[in-house]
Structures are given as C-alpha cells and as structure tokens.
Amino acid sequence: MTHDIRGSSLRSVATTPCAIVPPHLLNRLARAEDPAVRESARRTLALDAAQRVQRRLTAEIGPTAAPPTRAPDHPDRTVCDVEHRQELPGRRIRGEGEADVADSSVNHAYDGLGATFDFYLQTLSRLSIDGAGLPLDASVHFRRDYDNAFWDGEQMVFGDGDGRIFGDFTQSPDVIGHELTHGVTQYTANLTYLGQSGALNEHLSDVFGSLVEQYAKGETTEEANWLIGEELLRPGVQGVALRSMKAPGTAYDDDELGKDPQPAHMDDYVQTFADNGGVHINSGIPNHAFYLVATALGGHSWDRAGRIWYDVLTGGALAPDADFESFAQLTADAAAAYGPREREAVLKAWDAVGVPTG
C-alpha cells in the first residue's frame, strides 16, 4: 500500500534546500495554533525558498572552493555570527585552533565541524568533505527564530530555533554531520534532489550524520540510539527526534508536529508532490535497511556497513538519478568485496524493507 501526502505549497520539482527540518514539518507548524510557532515556521519556509536559487546554481556549476590554508590532515574551521541577519557569512568569531568563546552556538558549531572532519579522515581516509582538505565554514544565529540548519553548497548555516518546538540547531552533532555529508554527496555522486534519488541523498546524510555522532561517542551498533536530531526538540514536544533509523515512523507524535510519516517498507512508500517527491519521508526505507545491516554485522557501524555505503557513494557507479533498487544492487556488490557475511547481511536487509537487489 502506498500513501499520498498532498496539499503542500511546495508542489514543484525544483531543487529545494538541503535543510535538516523537512518542509512537510514546517508546513504543519505554519498552521499551528500558537502564533509564535506559526510565524516562525512561515518565516523559515520563506527564507528556505529564498535560498533555493543560490543552492541550485552552486549544485549546477559546482562550488567555489577556497584552497586549504592548513595541512590537509587537519581541519580548517571558521565560525561566523550572522547576528540575526541574512547576509552570509557574517562576523568572524572563531577560527581554527582558537580557544572557546562566550557564545555556545559558536563553540558547538566549531566542535561539530571538527567531529565530522575527524570521522571522515580517521574512518574513511577522506580529507574534508571534498576529499582535498576543503576549509569548513559555518555561520550561526541566522535570522531570528529560524527553525532550520542547512548546507548551502559552500558552508553550514544554523538557526537558533523558535524556542518552543526547536532549540539551537548547533547542539546536535548528527545534524552537523548530516548537512556536511550533503557536501560529500555534492562532490561525489551529486544525487538529484528528487524522488528516490533525492531520498537516497537524504538517506546518505542520515547514515553518515549518525555515524559521525557514533564515532565521536565511541558507540557500537547496540549502544547507538539511531536517532537524527534528538537534541533539537524542546521539552513538552511529544517526540524524541526528527527521524528514527531504527524505527521509522516513530520519532514524534505531537499535536503541532503531527505524526512521523516515514515508512520503513516499500509497501508504505509515500507518493507525494511535497518535499520534492518525499525525499525526507521515503528516506526512512533505506535508513532502516542500513540500520539492519549495521546491527546484523555488529561492532562499530563505520567499520563495515558504513564503509560499504561509502564505497558506493564514491565508487563512480552511482548514477545521479539512482533509485532504491539500483542503489541496493550496488551495496550488495560492494559488500561482496568484504566477505559473504557482509553480502548476506546487505541482501537480507534490503529484502526486509521490500527493495529487490536483482
């Protein structure tokens, strides 16, 4: 059975922001009874729309990367304060190697950039998100009560949240890892942000965003919570995170947020014009497949499951318009290089979520 979510103002298939809070959630909040929540969501939707052209141009012509100024095996971070305005990058507050500052958002962003850099370098031998030591820049305090964080094709941008539904977006390391992984995808497979290829784009960001946090905490597959954005929801919100890779569809069930619409199986695939064909919704299906692979193999998720997924992302065979089935086939092929146990785990996981592997 497929589900149909319509009624969104975002019915076009144009490129949308690679932002952590999906438009279907913001559209829901834009109709909230609480006027502060409602107006914050509406402003966020308008700001996200205003950013689309720049991000689309960046994706089409490629980012303008500043050359690294430090040794490539060390991060080169700069965090700026937009001071609740919109002009990026804002005022420089903290650079690489500099001490903590009074602004906790700056420090959280700095630490999250470093955690992501360390994960990719230490586990996958990747030098920053472009593989060549790209400097990592971030801007905090974007506008007022902005309910999102995004990768704009060249840097990270964080809002403070409305304080009622969402808190400071710099506080969640998996959110930072998620958004920076959009940059990794941009520099590798550059998956089209539409339909199943767009859902794979979001899925890969969820996978490696989760692994960034797991690596930073030294967690095994059993110790990880497999939640995306668990630090974002404010007290009183009936939910634990934006998404759950372990149990898609269970992350929240709240009067204002609504119920988590993510499916965990192709039988429940959502047909929709919203969210560029449900890229944040249907990503629950491959998310759950990865969770099943990682937990079947055990240990640290980045050692085998993460490496198989990374091999597919960077191997050159993943087409920009790839669908779930072609991606699943590639992961099965990549897993075979690690051994029969790995391949069997991948095949069983995709079968469990209803995606054939050929």
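At what angle do the axes of helix 4 and helix 5 cross? Let's start there, everyone, and keep in mind that this is a predicted model.

Helix 4 covers residues 173-187 and helix 5 covers residues 195-217; their axes come within 7 Å, and the crossing angle is roughly 130°. That makes the two helices oblique to each other. If you look at the handedness, helix 4 passes helix 5 in a right-handed crossing. Who makes the contact? On the helix 4 side you'll find P173, D174, G177, H178, T181, H182 and T185. Helix 5 brings residues including N201, L204, S205, F208, G209 and V212.

The largest nonpolar core has 86 residues, and F208 is among the members that touch the most others, along with F158, F166, L257, F290, W309 and W350. Helix 3, residues 104-124, gives this core its largest share, with 10 residues. There is also a second, separate core of seven residues, including L47, V82, F142 and Y146. As a general point, nonpolar side chains tend to be buried together in soluble globular proteins.

Finally, how confident is the prediction? The chain averages a pLDDT of 91, and 89% of the residues score at least 70. Residues 1-16 are where to be careful: pLDDT stays under 50 there, although the model has 45 contacts for them beyond four places in sequence. Where pLDDT is low, the predicted coordinates should not be read in detail.

How values were computed:
Residues are numbered from 1 along each chain as its sequence is written. This is a predicted model: local features need pLDDT of at least 70, side-chain atom pairs count only at pLDDT 80 or more; totals for chains, interfaces and linings use all residues. Side-chain values use heavy atoms; hydrogens and water are left out. A nonpolar core is a set of buried Ala, Val, Leu, Ile, Met, Phe, Trp, Tyr and Cys residues joined through side-chain atoms within 4.5 Å. Buried means under 20% relative accessible area, exposed over 50%, partly exposed in between (1.4 Å probe, protein chains only). Helices (H or I, at least four residues) and strands (E, at least two) are DSSP runs, numbered from the N terminus. pLDDT is the predictor's confidence in each residue, from 0 to 100. Contact means heavy atoms within 4.5 Å. Axes are lines fitted to C-alpha atoms, for helices over the stretch in contact, and angles run from 0 to 180 degrees between N-to-C directions. Angles under 35 degrees count as roughly parallel, over 145 as roughly antiparallel, 65 to 115 as roughly perpendicular and the rest as oblique. A crossing is left-handed if the near helix is turned anticlockwise from the far one by less than a right angle, and right-handed if clockwise.
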